[in-house]
Structures are given as structure tokens and as C-alpha cells.
Amino acid sequence: MKHISKCYSGIVKKEWNRLVQDPFHTIELNTTLRYLKKYFPKKGLILDAGGGPGRYTIELAKQGYDIILLDITPENLKFAEKQIRKAKVQKHVKDIICGSITDMPMFPDNMFDAVICLGGPLSHVEGEKNRTKAVSELIRVAKKGAPVFVSIMGKYGVLPIFPELPKEVRNTKHFRRFVETGDDYLWHGKYYSHYFEPEEFRNKFLRPNFKVLELVGLESSSSYSAKGTVNKLAKDKKAWKNWLDAHYKLCTNPNAVAESAHILMVGRKK
Ligand SMILES: C[S@@+](CC[C@H](N)C(=O)[O-])C[C@H]1O[C@@H](n2cnc3c(N)ncnc32)[C@H](O)[C@@H]1O
């Protein structure tokens with residue numbers, strides 16, 4: 001299997017634009033920002049783990065937070081550096097580090113006022129044990145009382161797009177493995193991705209030193225299969241507002257969480 005950073009090194013600009021490319025994707029971005037705002041301290045040092053080309057790093061730096069950006073793909077970090085300069089927020093970005101969320105020895109325990117790991121880095125960590133290790137690391141580096149935010153790709157959110165990919169459904173071994181375990185070894189053709197069940201995701205954080213506060217469906221009913229129609233709806237201002245109001249009202253309901261393409265866990269280190 002090819003290393004995931006190989007994949008991301010080839011789609012840096014696409015990844016930078018991912019969350020703002022159309023109304024559908026802005027739902028993930030704006031729902032995430034809404035929950036960051038709800039739980040973030042007023043100021044402090046934030047770890048953006050798996051922060052890619054830096055969309056959240058720059059947004060938070062603009063809000064006055066100090067940030068350390070960590071990602072496994074060097075090309076993403078080079079691109080982020082340029083965007084950080086362009087946005088004139090260098091003084092808030094304290095470091096940019098190439099590394100993996102599974103092992104962060106460069107950071108001492110209890111270092112950060114908040115930790116974010118958004119858009120699915122944990123979904124790219126292969127194997128149950130390694131994902132558990134990554135979660136331990138994300139919690140370890142957070143201060144006591146600090147919020148931790150992790151979003152991943154959800155199994156039931158992505159399943160409805162499989163009928164659009166008949167070749168994948170016909171590949172019995174691949175499709176069965178996805179259904180039974182959530183493991184996908186053909187992500188972008190040849191990379192690994194894990195799609196979580198909501199309870200499986202929540203259970204990863206059930207530890208004596210951590211409290212899960214909320215699971216949030218970042219797209220809820222707008223998930224992949226509805227992408228086209230959602231983008232059309234966004235052209236009608238009033239309908240769009242009503243649609244988003246409904247999303248924000250329902251996005252923590254377990255059904256909305258389960259059907260989401262991305263699921264956010266919000267928790268706090270005890
Ligand atoms: C979909 S992108 C999300 C980027 C950013 N957090 C966002 O939401 O816009 C996933 C990122 O995870 C990074 N990644 C994958 N595995 C990782 C790991 N083990 N440690 C750190 N970063 C990782 C990739 O390089 C990529 O930048």
C-alpha cells in the first residue's frame with residue numbers, strides 16, 4: 001500500500017480548496033467552526049494536527065490564536081507556509097512541523113489549550129491499535145480541561161455513493177471488507193482510509209482522563225448523495241437559510257450523526 005502522504009502531495013491545491021469549493025463543502029467548514037467557537041478558550045496555543053494546507057490554522061490565527069501546524073505531507077506544509085504569509089498571520093503560527101499524529105514526541109504532555117484534528121487524518125491511520133495510539137497522543141498533548149476536536153469519515157455517510165461506483169461494488173472482497181470493517185484500501189485508487197461507525201468512534205475516546213461532550217454530524221442530510229441538489233438549493237437564499245437552520249438544529253441527533261460524511265467528536269481532557 002502506498003503511503004498516504006504520496007496521495008496528499010499530489011492534491012495540495014485541491015485540498016486547500018476542498019472546504020470552500022461549493023456550498024455543500026462549506027457546511028462541513030462552517031459547522032466545524034461553529035463548534036470550535038462554542039468550546040474554544042478565549043485565547044491560547046492550539047495544535048492543528050493533520051492540518052494539511054492550513055485552512056483552519058489560518059482561520060484561527062486570524063481570530064488571534066497561536067497555532068502549531070503539524071501534518072505528515074511536506075508539500076501541504078510548504079503550501080501552508082505561503083498561505084500563512086499571504087494572510088499575514090505569521091506571528092501567530094509558532095511552528096510548522098512534519099510528523100504523524102500517531103507519535104508526537106516533540107510535544108510534552110499538557111502543552112496545548114486546545115487540540116484539533118479535522119477533516120479525517122485519523123481515518124487515514126491504518127489499524128485499530130495505531131488509531132488508539134493517535135487518540136492517546138491527541139489527548140496527551142492537551143492541557144487538563146482543554147477541548148479536543150477530532151473529525152473523521154463516517155461509514156453510513158459514504159455508503160450511499162457506492163451505487164455511483166459499480167466497479168467498487170462489484171469488487172466483492174473490497175466491498176465486503178468495507179461493509180464489515182469500514183476499511184477501504186482503494187481510497188483514491190490505492191490508499192488506505194477507515195470509515196467509522198458512530199459508536200466505534202465514540203468508544204475510541206472513552207478513557208478515564210477524557211469526557212466526550214458531543215458527536216456532531218458535519219453534513220447530516222446534505223451528505224454525499226445529496227451534494228448536487230444541495231448545491232442547487234443554495235442558489236435560493238431563503239430556502240438555503242431554512243435548510244441550514246434545520247441542519248444546525250438536528251446535527252447532534254444520532255441519526256444525523258450516523259448519516260454524515262464527516263463526524264466531529266468534541267470532548268474535554270479531565
Ligand atoms: C482531508 S485532509 C484535512 C486537512 C485539514 N485538517 C482540513 O480539514 O482542511 C487530511 C490530512 O491528514 C494528513 N494526514 C494523514 N495521515 C496523517 C498522520 N498520520 N499524521 C498527520 N497527518 C496526517 C494528510 O496529509 C492531510 O493533510
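The radius of gyration is taken here over C-alpha atoms, and the globule rule is 2.2 Å times the number of residues to the power 0.38. For the 270 residues of this chain, a compact globule would have a radius of gyration near 18 Å, and the chain agrees, with 18 Å. The structure is a predicted model, in which local features need pLDDT of at least 70 and side-chain atom pairs count only at pLDDT 80 or more, while totals for chains, interfaces and linings use all residues. Residues are numbered from 1 along each chain as its sequence is written, and side-chain values use heavy atoms, with hydrogens and water left out.

The C-alpha trace spans about 50 × 45 × 40 Å along its principal axes. Of the 270 residues, 54% are buried, where buried means under 20% relative accessible area, exposed over 50% and partly exposed in between (1.4 Å probe, protein chains only). Contacts (heavy atoms within 4.5 Å) were examined between residues at least 6 apart in sequence, and 77% of these join residues at least 24 apart.

The whole structure holds 13 aromatic pairs. Rings of Phe, Tyr and Trp (its six-membered ring) pair if their centres lie within 6.5 Å; planes under 30 degrees apart count as stacked, over 60 as edge-to-face and the rest as tilted. One of these pairs is formed by Phe24 and Tyr224, which is tilted, with 6.1 Å from centre to centre and 50° between the planes. This pair links distant parts of the chain, 200 residues apart: Phe24 lies in helix H3 (residues 23-39), and Tyr224 in the loop between strand E8 (210-217) and helix H11 (227-233). Phe24 has a relative accessible area of 2% and is therefore buried, whereas Tyr224 is partly exposed, at 23% relative accessibility. The pair of Phe205 and Phe210 is also tilted, because the ring centres are 5.7 Å apart and the planes stand at 40°. Both Phe205 and Phe210 are buried.

Lys204 belongs to helix H10 (residues 198-204) and counts as buried because its relative accessibility is 10%. When residues up to four places away in sequence are not counted, Lys204 touches Glu128, Arg131, Thr132, Val135 and Phe196.

How values were computed
Helices (H or I, at least four residues) and strands (E, at least two) are DSSP runs, numbered from the N terminus.
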